[in-house]
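Open the structure in your viewer and keep the selection tool ready. Each stop below says what to select and what is there.

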Amino acid sequence: MKALPGLLLLAAIGYLGKLTEQGIASYGKAHHLHLPNIEYVLWAILYGLILANTVGVPRVFRAGVATYEFWLKLGIVFLGVRFLLGDVLKLGGLSLGFVAVELALSILLMSWLGKWMGLNPKLTSLLAIGSSICGVSAIIAAKGAIDADDEDASYAIAAILALGAFSLFAFPAIGHALGMSDHAFGLWAGLAVDNTAEATAAGALYSDTAAKFAVLAKTTRNATIGFVVLGYALYWARKSQKEFSGSRVAFLWNKFPKFVLGFLLISFAATLGVFTKAQMADIANLSRWAFLLTFAGVGLQTNIRELRKQGLKPLAIGAIGEFAIAGITLAMVVGASRAFEL
Amino acid sequence: MKLSVDWWSVITALGAAVLIKFGILPHIPW
């Protein structure tokens, strides 16, 4: 019940975003104009961002707005219905290889940049984890595991989200300029954008198919969260001479994002033909409604002032690292799409 | 036992999928 006002706010902002998308499309149709199709996701984020950073979000709404993480995960589980195992297998090997390269690259690059610029080592670890796996949940998971400060964690989250917001505008423009296919673009967005909501949004801004591949690459990255966080936890535990208690398997299971299991289960059921075509469309629509709430929440949670307060060095390191990763993954994907005609 | 957001998202989604499968939830428009 405490969450109700905030939920209504998410729904109102998200729905306004949907109306804006439809309004622009029907205006263009009526006047025979070719207007760019800007999806509801970006409008929802934009409206949320403006509201949060002008009038602010009153306390009564906060509990409901904080549920956006649930809607994100729910939306992703539903999205499983659009991934038939055949598609996954087709993409599997190549995408997995790319994910491995991206992980190694981001961790090495961020650690080196942080050391080189004399950044606090725990913040460096958080930025490395955030940029290699998945912005927010990885940072939250890692924060507990390596005992980092709240300020470091919120800065790392803010930096990852801000860079992701920038990529929402930059990525589709670059994709269109290079004439990338839906498949190639989605793969790139899933590899280079760090927040799951923003990676999905970047894909969705390009096309429905691109969103599909973005989520696929992104969920593969997300699935490695346990291993990377475990590695960092062991590193920092050893460094602070603290005894690491409990079994490693239990630790991995604890940190493993469970919604990935739901996603796989729904995808498996759809592959086996459990749902009719109409039922699959219904489930896919449920995922759109869940994302509508998610993206309104992402906008509302982005605090521009908070970001400015923390100084620019970590953001600069984050930005340099992210640009380099985006560039290298773009080269990989474009190269692969030439070679294998993605 | 308190379930995490992750588990709730899985339970909710699977529940909704079952309801759709057996025609209990009506058609969902977009």
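Which residues in helix 4 of chain A meet which residues in helix 15 of chain A? Before selecting them, note that this is a predicted model, in which local features need pLDDT of at least 70, side-chain atom pairs count only at pLDDT 80 or more, and totals for chains, interfaces and linings use all residues. Residues are numbered from 1 along each chain as its sequence is written, while chains are lettered from A and ligands numbered from 1 in the order in which they are written.

**Stop 1: helices 4 and 15**

Select residues 68-79 of chain A, which form helix 4, and residues 277-301 of chain A, which form helix 15. Helices (H or I, at least four residues) and strands (E, at least two) are DSSP runs, numbered from the N terminus. From helix 4 of chain A come Tyr68(A), Trp71(A), Leu72(A), Leu74(A), Gly75(A), Phe78(A) and Leu79(A). They meet Ile283(A), Leu286(A), Ser287(A), Ala290(A), Phe291(A), Leu293(A), Thr294(A), Gly297(A), Val298(A) and Gln301(A) in helix 15 of chain A. Two residues are in contact if their C-beta atoms, placed from the backbone, lie within 7 Å. By class, this contact of helix 4 with helix 15 has 12 nonpolar, five polar and no charged residues. Here Ala, Val, Leu, Ile, Met, Phe, Trp, Tyr, Cys and Pro count as nonpolar, Asp, Glu, Lys and Arg as charged, and the others, Gly among them, as polar.

The axes of helix 4 and helix 15 of chain A are 8 Å apart, at an angle of about 150°. Axes are lines fitted to C-alpha atoms, for helices over the stretch in contact, and angles run from 0 to 180 degrees between N-to-C directions. Helix 4 and helix 15 of chain A are therefore roughly antiparallel; angles under 35 degrees count as roughly parallel, over 145 as roughly antiparallel, 65 to 115 as roughly perpendicular and the rest as oblique.

**Stop 2: helix 1**

The contact of helix 1 with helix 15 of chain A divides into eight nonpolar, two polar and one charged residue. Lys18(A) is among the helix 1 residues that meet helix 15 of chain A.

**Stop 3**

Now select residues 196-206, helix 10 of chain A, where 11 of 11 residues are buried. A residue is buried if 20 or more other C-beta atoms lie within 10 Å of its own, exposed if 12 or fewer, and partly exposed in between; C-beta atoms are placed from the backbone. Glu198(A) is one of the buried residues of helix 10.

Asn195(A) lies in the loop between helix 9 (182-192) and helix 10 of chain A. Asn195(A) counts as buried because it has 26 C-beta neighbours inside 10 Å.

**Stop 4: both chains**

Show everything. Chain A has 17 helices and zero strands, and chain B has one helix and zero strands. Buried residues make up 50% of the 342 residues in chain A and 23% of the 30 residues of chain B. Finally, select the interface, where 17 residues of chain B are in contact with 21 residues of chain A.
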